[in-house]
Amino acid sequence: MRTSSALRFAGQLMLGAVIGKAFGFVREILFAKYLGATAAADSFRGATTAVLVPIAPLQGDLVPSTLVPLFREWASQGRSLRMASSLCLAFGAFATALAALVALFAEVYVDLLFGGFGSDARAMTIAFVQVMALAMPASVLVACLSCVEIGLGRSRMTSIRASVQNVSVLTGIGVMVWTGEVIAIAWAFTAGLVLVALYGLIMLWREGQISPCEARPASGVEAVVVFFRRARPLLIQPLADQGNTLIEKLLASSLAVGTVASLDYARTITETVYYAVSQPVGYVMLGQEKAADLPARVRAISRPLLHLALPASAFTITFATDITALVFGRGAFRAEAIAFTASAMQGIGLGLWATTLGWILVRMLNAQHRNGTAAKVLACAYAANMLTNLATARWLGAFGLGLGEAVRGLVLLAGTAHALGYADLLARLIAQAAPVTLFLATAGFLLRTEFADPLPRLLAGSVLYGGVLLLWLPLCVPEAGQLARGLLRRLAVLLRRRQPPAGSECEAAATKPS
């Protein structure tokens with residue numbers, strides 16, 4: 001992928017992520033207002049986990065890491081239409097069978113996953129699972145079709161998926177408020193995924209990239225076998241991810257009511273960095289061939305990212321309570337929910353900077369065709385997360401569960417840096433970003449004592465952090481200075497183009513017929 005195309009593709013993904021997260025913020029704000037950190041909120045979050053766990057190997061990072069290169073290989077052989085169509089049909093049929101089992105045995109399944117739920121939360125979770133299981137085939141199909149688009153250098157489904165889902169859930173919240181039926185949110189969740197799947201299928205079918213008529217059983221078997229042969233080194237990632245999720249939800253369900261929901265509220269804010277930065281940049285890295293200038297590429301990405309992500313993590317930790325109160329603190333979201341969510345956010349924030357960069361470096365390993373190494377690093381990261389949760393959740397509560405995620409990010413960054421052979425380089429870059437981070441963290445904590453209300457504190461903190469970084473980055477991060485100068489030059493060129501040449505209006509008037 002050429003540099004200009006890669007930048008344009010990354011920009012499209014980032015724009016879609018930002019729009020999706022904007023809708024996500026609105027969704028979570030309304031969710032917090034009307035449900036707060038209650039048993040109903042825990043039930044919806046638990047049901048979401050329950051329907052995604054069985055299809056984990058066909059979701060997440062495993063699918064693009066495997067299917068995007070595989071689709072390009074099929075395209076070079078002139079058989080991408082039949083193979084991709086057969087693979088999508090096979091995975092869709094498998095997901096449909098799983099959905100039927102989940103809906104049929106929902107009671108046993110919920111008891112297995114969330115044994116700590118009370119009777120009300122249990123009954124609501126079972127009802128949610130039976131409805132949301134209908135979305136499982138659509139979710140798998142969306143993942144596969146999105147990879148076909150990425151393989152073609154497009155990002156329509158990847159860009160709109162989050163937005164459509166969030167708007168659907170917003171609609172469900174509106175129906176719930178109007179009718180009083182909480183189950184409306186589950187139906188809306190399902191409808192959003194089905195709409196995205198239908199949109200992607202229709203668009204790719206019209207363009208001749210996917211056609212159910214071209215699917216063949218033999219091609220489906222071949223495609224599935226090749227997919228899992230290629231994905232075998234990476235299978236440990238979704239299995240470790242879902243194992244970690246199950247342990248986390250089981251521990252959270254045994255703590256205070258609202259802990260499950262509080263963790264997701266915290267991630268609504270902290271995961272913005274992943275979806276807006278790590279995922280788009282990682283997809284660009286995945287689409288590029290092996291690079292001879294890998295050290296320069298690692299440095300060019302890591303230095304500005306660390307100088308932004310480390311202070312951002314410090315800001316998240318320092319102002320977690322204020323952010324939570326300002327974003328969610330209304331309606332049913334009371335003081336206890338604010339405390340739980342802020343505590344989880346502080347735990348996550350300790351490793352947020354490492355998670356942001358670590359996922360990009362994982363994609364660099366994938367691009368270097370080192371999937372086995374990437375899988376080992378991810379397995380170690382998730383194992384560290386699980387052990388931390390088991391060791392700290394009982395006595396640190398939501399903070400301990402957030403701390404587990406932070407430890408996972410730290411292990412992920414350390415493991416990928418070591419695997420790439422640039423641990424010393426990253427250590428130096430972290431040391432360069434540490435002084436401004438420590439200064440901002442100290443100043444932020446001192447600033448908190450000067451204001452009584454969350455909004456003035458956040459505004460003052462934002463001005464402090466933004467002002468210091470605007471002075472620091474051009475001086476200490478050459479890439480930031482080059483980017484700023486490039487943007488200014490482009491702006492100047494655009495302004496010059498829009499200004500008419502001197503005397504043009506007079507000349508036009510002179511030549512105009514009387």
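Let me start with a crossing: helix H12 and helix H19 cross in a right-handed sense. This is a predicted model, so please hear everything that follows as computed from it. H12 covers residues 259-270 and H19 covers residues 398-420; their axes come within 10 Å and cross at roughly 45°.

Now a second pair. Helix H6, residues 119-132, packs against helix H9, residues 183-206, with the axes 9 Å apart and an angle of about 25°. Angles under 35 degrees count as roughly parallel, and H6 and H9 are therefore roughly parallel to each other. The crossing of H6 and H9 is right-handed.

Next, helix H18. H18 runs over residues 371-396, which is 26 residues. From first C-alpha to last, H18 reaches 35 Å, close to the 38 Å expected at 1.5 Å a residue. There is a bend of about 35° in H18, at Leu 390. Just after H18 comes Gly 397, with a positive phi of about 60°.

Last, the cysteines. Is Cys 147 buried or exposed? Cys 147 is buried, because its relative accessible area is 2% and buried means under 20%.

Definitions and conventions: Residues are numbered from 1 along each chain as its sequence is written. This is a predicted model: local features need pLDDT of at least 70, side-chain atom pairs count only at pLDDT 80 or more; totals for chains, interfaces and linings use all residues. Side-chain values use heavy atoms; hydrogens and water are left out. Buried means under 20% relative accessible area, exposed over 50%, partly exposed in between (1.4 Å probe, protein chains only). Helices (H or I, at least four residues) and strands (E, at least two) are DSSP runs, numbered from the N terminus. The expected span of a helix is 1.5 Å times one less than its number of residues. The bend at a residue is the angle between axes fitted to the seven residues ending there and the seven starting there. Axes are lines fitted to C-alpha atoms, for helices over the stretch in contact, and angles run from 0 to 180 degrees between N-to-C directions. Angles under 35 degrees count as roughly parallel, over 145 as roughly antiparallel, 65 to 115 as roughly perpendicular and the rest as oblique. A crossing is left-handed if the near helix is turned anticlockwise from the far one by less than a right angle, and right-handed if clockwise.
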